[in-house]
Amino acid sequence: MGSTKSFSFELFPPRTPEGVAKLQPLIQRLASVGPKYFSVTHGAGGSDQDGTYDTLMAVVEHSGVEAVPHLTCVGSTRAHVAALLQRYHEAGVKRIVALRGDLPATAMSASAPGEFHYANQLVSFIRQTHGDYFEIEVAAYPEMHPQAPNPGVDFDNFRRKVEAGANAALTQLFYNADAYFDFMGRCEKAGIRIPVYPGIMPITSCANAIRFCNGCGADLPRWVRLRLEELQDDKPALLDFGLEVVTRLCDTLLRNGAPGLHFYTVNQAEPTLRLWKSLGLPVRQ
Ligand SMILES: Cc1cc2nc3c(=O)[nH]c(=O)nc-3n(C[C@H](O)[C@H](O)[C@H](O)COP(=O)(O)OP(=O)(O)OC[C@H]3O[C@@H](n4cnc5c(N)ncnc54)[C@H](O)[C@@H]3O)c2cc1C
């Protein structure tokens, strides 16, 4: 399985000296299995612009794997985004993950600064300024974006991003395969044909699984939460259980049409590599 499917890894720019020191071995270990690309997150409002760029350059230097920046637009001006796009263009970047981003709650008011309010505006801006030069990937929410009033409105907003010129989508993390299949069914009905890659978050701790799900409005199935709580004090058993749950999720997705997977590595090589092995994905020679 997997030869024609796309598997990508997401990193964030390290914020501590220890994180910076671990970046090169992290990239090299993850690159050893041959992902299609590494994407690198970007703080809303350009808060870690240099961190994103430096991490991208580390990917290029230490792996030779395609490096893909996330670009958030909320709180930014057109001039600022244009300068970033130019910098990426000059660095040879060919693909961008285009996002709105989240400003701190206090800044998310009608008076929030900036000339972009939604990701579809960013996609349009990239197309206006750079034509088809960049492949553009956008976010998709099988369980609905938490700020949307209902799934239908959220889906219409997803469609705006596709109509603005997105080539593919990466989903928010989820643990219910049916949510993804339902989303794909809605895409089919709407005539949306772009690939939608499930975003996969390995489970390595009970507290983190709950925190990540709460943070983005994803459902952690009750039976999974109860088992994680039960296994909290037995780390090896918890890791095995988490691996089993996420392997089954990925396997179900891949066998039923998902075009690949996007792994949220959280800058940890081991959980993603265990998952890779457990799925029997090919390793680059
Ligand atoms: C794969 C992935 C990677 C991510 N990487 C980052 C990152 O690097 N940095 C970061 O800060 N965050 C990142 N995020 C989080 C993301 O920025 C947040 O989820 C953010 O709240 C929404 O971003 P978006 O691009 O989906 O926004 P949008 O598509 O703009 O949607 C945001 C909300 O606004 C609504 N909406 C959209 N368009 C309109 C419109 N025209 N009119 C009215 N309502 C509208 C939508 O329904 C939704 O509720 C990532 C998320 C995913 C899934």
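Glu-66, Arg-95 and Glu-137 are linked in a network of salt bridges. The model is predicted. In total, the structure holds 13 salt bridges. Side chains of opposite charge can pair when their charged atoms come close. Three further pairs are set out below.

**Within helix 6**
- Arg-186 pairs with Asp-182 in a salt bridge, with 3.3 Å between the closest N and O atoms.
- Both residues sit in helix 6 (residues 177-190), and because Arg-186 and Asp-182 are four residues apart there, about one helical turn separates them.
- Arg-186 is partly exposed, at 23% relative accessibility.
- Asp-182 is also partly exposed, and its relative accessibility is 44%.

**Within helix 8**
- A salt bridge joins the side chains of Arg-227 and Glu-230, at 3.4 Å from N to O.
- Helix 8 (residues 222-230) holds both Arg-227 and Glu-230, three residues apart, or about one turn of the helix.
- Arg-227 has a relative accessible area of 36%, so it counts as partly exposed.
- Glu-230 reaches 58% relative accessibility and counts as exposed, because the cut-off for exposed is over 50%.

**Between helices 9 and 10**
- The closest N and O atoms of Arg-274 and Asp-240 are 3.0 Å apart, in a salt bridge.
- Arg-274 belongs to helix 10 (residues 269-278) and Asp-240 to helix 9 (residues 235-255), so this pair ties together parts that are 34 residues apart in sequence.
- Arg-274 is partly exposed, with a relative accessible area of 30%.
- Asp-240 is partly exposed at 45% relative accessibility.

Methods: Residues numbered from 1 in each chain as written. Predicted model: local features only at pLDDT ≥ 70, side-chain atom pairs only at ≥ 80, totals over all residues. Heavy atoms only, no water. Salt bridge = Lys/Arg side-chain N within 4 Å of Asp/Glu carboxyl O. Helix = DSSP H or I, 4+ residues; strand = E, 2+ residues; numbered from the N terminus. Buried < 20%, exposed > 50% of the residue type's maximum accessible area, 1.4 Å probe, protein only.
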